[in-house]
Amino acid sequence: MLLDILQVLGNADFWAAVLRIATPLIFGTLGVLLCERAGVLNLGIEGIMVAGALAGWLAVYLGGSLWVGVIVAALTGAAFGLLHAFLTVPLALSQHVAGLGITLFATSVSYYAYRVSFPNVASPPTIEPFAEMAGLGIPILAKQTPLTLLALTCVPLLAWVLYRTPVGLAVRMVGENPAAAEGQGLDVNVVRTGAIVAGSALMGVAGAFLTLSAFNAFFFNMVNGRGWICVALVVFASWRPGKALLGALLFAFFDALQLRLQQGSDGFPYQVYLMLPYALSILALVLVARRAAYPQALMKPYRKGER
Amino acid sequence: MRLEARGEVSRFMLVVAPFAAVAFTLLVSSLFVAWAGAPLGRTYALILDGGFGSRFAWSETLTRATPLILTGLSAAVAFRARFYNIGAEGQLYAGALAAVAVGGLHGGTGFAAHPALLFPMMMAAAMLAGALLLLVPALLRTRLGVDEVVTTLLLNFIVLLFVSMLLEGPMKDPAAMGWPQSVALGDDLQLGKLIERTRVHTGLLWAVALAALLWAIFKYSTFGFAVRAVGANPRGAAFVGVPVQWTMIAVALISGALAGLAGAIEVAGRTGYVTLDMSPGYGFSGIVIAMLAGLNPLAVVAAAVFIASVLVGADSMSRGVAVPTYIAEVIVAISLLSMLVATTFARYRLRWH
């Protein structure tokens, strides 16, 4: 067993798989992070990823270029984000329930749209997905598609925006102390809405990675809990972009490892391996629970003049 | 844009709100039906007909409503204390597995107890399984402050994989020709039919009775008061002497037990064994039902029948016109969102400056 693991770790393909599995999680985790930094939980991610996966793929299938697909997925995510923002920011509905409602809505609309577009297909129609960047010449990155590069770029970019720009300061302020932000002349509702819309756009791209890069078709249940895992990873990452990258890579490492070990095991129930990623996410939450530095205003709706 | 509380919330507004939500749901759903290119009137007529149009339609709707009432109650109980149990799907499967583990015909024999003893044991095991499964997230929440939403969501996946493992391993029915299906319950442990020559079983009576019981508990008991107090304001509740953590754990145990019971009753009343597709998301629909019902246990029954009729009706509709059955899930999701918005507007008005 230990020898098997060592053999797997020495394999460049394994590390390429880690980065590939991590990519949608990086986009998704950054998306959740941005929403939560502004004080709003977005459990819509699971459904928004489904919608992004379908919309991006459909745009390419209907003749758009791959990058048009990515933009369509981002816009689709943003649209659902706007709905979530409307429900949770001015209407101040329960963020848990609104998010679940968005997930149900986005998922069912996507499945419905897929069935309307393709009433009876035996095998799912396919597109030509993003190609690997073989020309890059860097061992593990050369096995990735441009979307992975985009995800890796988004990490320092989001960190820079959050910690070095007035916009980022505004986002962090409304997530920590909205009343003080208001006192500084910020419109809390506008900042929160903007953060949710931008974060949801990232979630849409996370979904699009599945249909435009990891696979070449849309399948039902293809998101399969990845959205929820991103929500757990954000807590694990203490709401910091750099740690979010680390968390996504760590998670992907274990996921890739279980996939490899699964192939080499006879007789042992493969389901145990499949459980590991979910169990690890719960474990990660438990480990950081005591020192989790939640944004102070997370899940607290803000109403002007109320305490 | 901001909300402003209405000085006086009129009963009229509170009564009109759900109807406005339904009207809005129909309006938006119509756009989706029109997109599929189907005639609107005929599509809705077929859904209504498939849900309520005949003795058979009614019986199918009530059969479908039975587990939905129980998962709806499970969510309603938990959400009242603001304990967000999103794991009813997993708890349902855990209950179904426990029921078969106790009452199943393992190797054709089963437990050698009298059915009158075995049946309550089976139901108790199912409730215990659901409750224990939810106890873990409840303890993590009350002891360590781990958000229960993510843990219960993730546990769903783990439980389904666990079920899949058992169905391919120790609990596999050898007679099932390779289908992953559990051993069956003994005949004398299955619930009786409520209406002749239909699938409606006595589990419906259990579900309705439990709804009435929970309603009474919430209305008249101190425990019901404690749950509401914990949900409304935990700090205030603690101040007046409500044991907040214990109340939350008790709520979790009840919620998990109800979802587990839903699984056992599905097995004993409808399927007779466990499969991986025995619940098409009853656990998640339960959340929608609880919200539509305003977390009122009696209203849960009505909401469950409504959702069941949409699901059953859409199935039969799709055989008549070219609208995918996913329209049912679309209608359910939109009705949840519009209900949330409508009840907010009944209490608040929106100001644009």
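Trainee: How many helices and how many strands are there in chain A?
Mentor: This is a predicted model, in which local features need pLDDT of at least 70 and side-chain atom pairs count only at pLDDT 80 or more, whereas totals for chains, interfaces and linings use all residues. Residues are numbered from 1 along each chain as its sequence is written, while chains are lettered from A and ligands numbered from 1 in the order in which they are written. With helices (H or I, at least four residues) and strands (E, at least two) taken as DSSP runs numbered from the N terminus, the count for chain A is 12 helices and zero strands.

Trainee: What radius of gyration does chain A have?
Mentor: The radius is taken over C-alpha atoms, and the globule rule is 2.2 Å times the number of residues to the power 0.38. For 307 residues that rule puts a compact globule near 19 Å, and chain A agrees with it at 20 Å.

Trainee: Within what arc do the buried residues of α8(B) fall, seen down its axis?
Mentor: A residue is buried if 20 or more other C-beta atoms, placed from the backbone, lie within 10 Å of its own, and in helix α8 (residues 222-232) of chain B the buried residues are B:A226, B:V227, B:A229 and B:V230. Taking the directions from the helix axis to the C-beta atoms, these residues line one face of the helix, because they fall within an arc of 165 degrees.

Trainee: Which elements of chain B do the buried residues of α8(B) pack against?
Mentor: Contact here requires C-beta atoms, placed from the backbone, within 7 Å. By that criterion, the partners of the buried residues of α8(B) are α3 (55-80), α9 (234-239) and α10 (244-271) of chain B.

Trainee: Which element gives the largest share of the side of chain A that touches chain B?
Mentor: The contact takes 39 residues from chain A and 41 residues from chain B. On the side of chain A, the elements giving two or more residues are α5 (95-117), α10 (226-236) and α12 (270-288). The largest share, 13 residues, comes from α5(A).

Definitions and conventions
A residue is buried if 20 or more other C-beta atoms lie within 10 Å of its own, exposed if 12 or fewer, and partly exposed in between; C-beta atoms are placed from the backbone. Two residues are in contact if their C-beta atoms, placed from the backbone, lie within 7 Å.
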